[in-house]
Amino acid sequence: MNEEQVHHAFLVSVFLKGAHALIECIGGLALALISTETITGLVRALTQDELSENPHDFLASHLQAWAQGFSLQSKHFYAFYLLSHGMVKVFLVIGLLRGKAWSYPASLVVLGLFILYQLYRYSYTGSIGLLVLTVFDVVVMAMIWWEYRLVRHKLA
C-alpha cells in the first residue's frame with residue numbers, strides 16, 4: 001500500500017472507531033436514564049410473541065434470561081463503562097483526526113488497555129462480540145501505528 005492508501009484506510013478506521021464511540025456514549029446515557037424495570041419490560045415485550053410461538057427460541061430465551069438478571073448494579077456498571085469508554089475514544093478520535101502528535105501514542109496505549117480488558121472479559125463470558133471488537137481494535141491500532149510512523153517521518 002502507498003502512503004495515500006494507508007492514510008485513507010487510517011481515516012476510515014478512525015471514523016468507524018469514532019462512530020462506535022458515539023454509539024457507546026448514547027447507549028451509556030440511555031442506560032443511565034432508563035430504569036431497569038423499563039429495560040426488563042422492553043425485553044419482555046420484544047420477546048413475548050417469539051417465545052409464545054417457540055418457547056425454546058435461542059435468542060429470545062437468552063434475552064429474557066439476561067433481562068431477569070439485570071440488576072441496578074449491572075445497569076450502573078454498564079452505563080459508566082459505556083460512557084467513559086465512549087468519551088475517551090471520542091477525545092482520542094478528535095485528536096487523531098486533527099493530527100495531534102500526542103493522540104497517536106495515547107490511542108495506542110488506551111486501545112491496548114481496552115483490548116486487554118476485552119480479552120479478560122472474554123475469558124469469563126465467551127462473547128463472540130468481544131472477540132470481533134478486539135480484532136477491530138487490533139486493526140485500528142495497526143492503522144494508528146502505521147500513520148504515526150508516517151507522521152513522525154514527515155516531521156523528522
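**Ground rules.** I number residues from 1 along each chain as its sequence is written, and side-chain values use heavy atoms, with hydrogens and water left out. Because the model is predicted, local features need pLDDT of at least 70 and side-chain atom pairs count only at pLDDT 80 or more, while totals for chains, interfaces and linings use all residues.

**Entry 1, helix H2.** I took helices as DSSP runs (H or I, at least four residues), numbered from the N terminus. H2 covers residues 36–53, 18 residues in total. From first C-alpha to last, H2 reaches 26 Å, close to the expected 26 Å; the expected span is 1.5 Å times one less than the number of residues. I then looked up the bend, which is the angle between axes fitted to the seven residues ending at a position and the seven starting there. H2 bends by about 45° at Thr47.

Thr47 is also buried, as are Thr36, Ile39, Thr40, Val43 and Leu51. Buried means under 20% relative accessible area (1.4 Å probe, protein chains only). Residues three or four places apart on an α-helix point the same way, because there are 3.6 residues a turn. The buried residues of H2 pack against H1 (3–33), H3 (58–68) and H4 (72–97).

I defined a nonpolar core as buried Ala, Val, Leu, Ile, Met, Phe, Trp, Tyr and Cys residues joined through side-chain atoms within 4.5 Å. The largest one has 14 residues, and Phe10, Val14, Leu96, Tyr104, Leu111 and Ile144 have the most contacts inside it. H1, H4, H5 (103–125) and H6 (128–155) each give two or more residues to this core. H6 gives the most, with 5 residues.

Leu111 touches Lys17, Asp137, Val140, Met141 and Ile144 (heavy atoms within 4.5 Å), leaving aside residues up to four places away in sequence.

I searched a 1 Å grid over the protein atoms alone; a cavity is a set of points where a 1.4 Å probe fits but cannot get out, and lining residues have an atom within 4 Å of a point. The structure holds 1 cavity of 30 Å³ or more. The largest cavity holds about 80 Å³ of space. Among its lining residues are Val14, Leu96, Leu111 and Ile144. H4 gives the most to this lining, with 4 residues.

A pocket is an open set of points with protein on both sides within 12 Å along at least five of seven lines. Of its 17 lining residues, Tyr78, Tyr81, Leu82, Leu130 and Leu133 lie nearest the centre. H4 supplies the largest share of this lining, 5 residues.

Note on methods: Buried means under 20% relative accessible area, exposed over 50%, partly exposed in between (1.4 Å probe, protein chains only). Grid points are joined across faces, edges and corners, and a volume is the space filled by probe spheres set on the points.
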